[in-house]
Amino acid sequence: MRILVVEDELKMASLLRRGLVEEGHAVDLARTGDDAVWMAQAAEYDAIVLDLMLPGLDGVEVCRRVRESGVWAPVLMLTARDAVEDRVAGLDAGADDYLPKPFSFAELLARLRALVRRGATERPAVLEVGDLRLDPATRDAWRGETKIQLSAKEFALLETFMRRPGQVLSRYQLLEHAWDYGYENRSNVVDVYVRYLRDKIDRPFGRDSLETVRGAGYRLRRDGGS
Ligand code: CA
């Protein structure tokens with residue numbers, strides 16, 4: 001594997017590099033967040049080990065910019081042991097996993113292997129379909145520049161659609177993803193909520209993004225109805 005290690009502390013950086021090279025990996029080192037952002041785009045890394053505490057651009061901002069640039073290499077963040085908020089911010093910025101310092105090198109390697117198994121497929125933190133946008137971390141939704149207020153259930157249903165744009169989803173599939181087993185009255189609840197969604201994401205904007213596919217279910221158009 002070719003791995004980008006982003007760490008400003010010399011001792012830690014060389015420790016990481018030596019350990020990874022001993023395992024047979026190719027390792028490049030970035031000492032600042034700015035270097036990390038361009039290096040991540042300049043080569044096809046299999047994984048990025050990103051220290052959160054960096055001078056200048058911190059790890060969270062680096063992660064956000066790397067993802068914005070369309071780089072989906074798995075990112076493992078190194079964080080301080082008690083920095084829960086940092087971990088949350090890092091994961092929401094597009095990191096895939098984190099490891100608190102100090103860590104065992106065996107665990108770092110195992111986590112990297114697990115991340116690389118999942119591959120570098122596109123997995124944006126903010127979902128976009130046409131001009132519909134949905135941020136699962138902040139629970140915000142927008143049509144273009146207009147923010148849309150959604151109930152928790154409407155949000156869950158729209159998220160289900162936006163993770164599968166262009167796919168026909170049966171009522172059963174929609175129930176499976178957006179409702180739990182505790183929900184009793186399952187007969188027409190999907191139709192009701194699709195109607196609520198249309199009233200919020202389509203009708204006020206003169207759009208028609210949620211299509212009824214007769215006898216099959218519903219589909220969110222790939223273009224978001226624009
Ligand atoms: Ca550091």
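This is a predicted model: local features need pLDDT of at least 70, side-chain atom pairs count only at pLDDT 80 or more; totals for chains, interfaces and linings use all residues.
Residues are numbered from 1 along each chain as its sequence is written, and side-chain values rest on heavy atoms, with hydrogens and water left out.

The calcium ion is coordinated by E7 (OE), D8 (OD), E9 (OE), D51 (OD) and M53 (O), at 2.1 to 2.6 Å. Donors are N, O and S atoms within 2.8 Å of the metal (3.2 Å for Na, K and Ca); water is not among the atoms, so sites may look incomplete. Along the chain, the donors follow the spacing E-D-E-x41-D-x1-M. Helices (H or I, at least four residues) and strands (E, at least two) are DSSP runs, numbered from the N terminus. D8 is partly exposed, with a relative accessible area of 22%, while D51 is buried at 2% (buried, under 20% relative accessible area; exposed, over 50%; partly exposed, in between; 1.4 Å probe, protein chains only).

One cavity of 30 Å³ or more is present in the structure. A cavity is a set of points, on a 1 Å grid over the protein atoms alone, where a 1.4 Å probe fits but cannot get out; lining residues have an atom within 4 Å of a point. The largest cavity holds about 40 Å³ of space, a volume being the space filled by probe spheres set on the grid points, which are joined across faces, edges and corners. Its lining consists of L4, A36, A40, I48, L50, V62, C63, V66 and V75. At least two lining residues each come from α2 (33-42), β3 (47-51) and α3 (59-68), and α3 gives the largest share, three residues. The lining comprises nine nonpolar residues, no polar and no charged ones (nonpolar: Ala, Val, Leu, Ile, Met, Phe, Trp, Tyr, Cys and Pro; charged: Asp, Glu, Lys and Arg; polar: the others, Gly among them).

Strand β12 (residues 217-220) pairs in the antiparallel sense with β10 (residues 168-169) over two bridges and with β11 (residues 210-213) over four; pairing requires at least two DSSP bridges between two strands. Y218 in β12 stands opposite L169 and is also the bridge partner of T212. Three residues separate β11 and β12 in a hairpin, and G215 in the turn has a positive phi of about 75°.

How values were computed: On a 1 Å grid over the protein atoms alone, a cavity is a set of points where a 1.4 Å probe fits but cannot get out, and a pocket is an open set with protein on both sides within 12 Å along at least five of seven lines; lining residues have an atom within 4 Å of a point.
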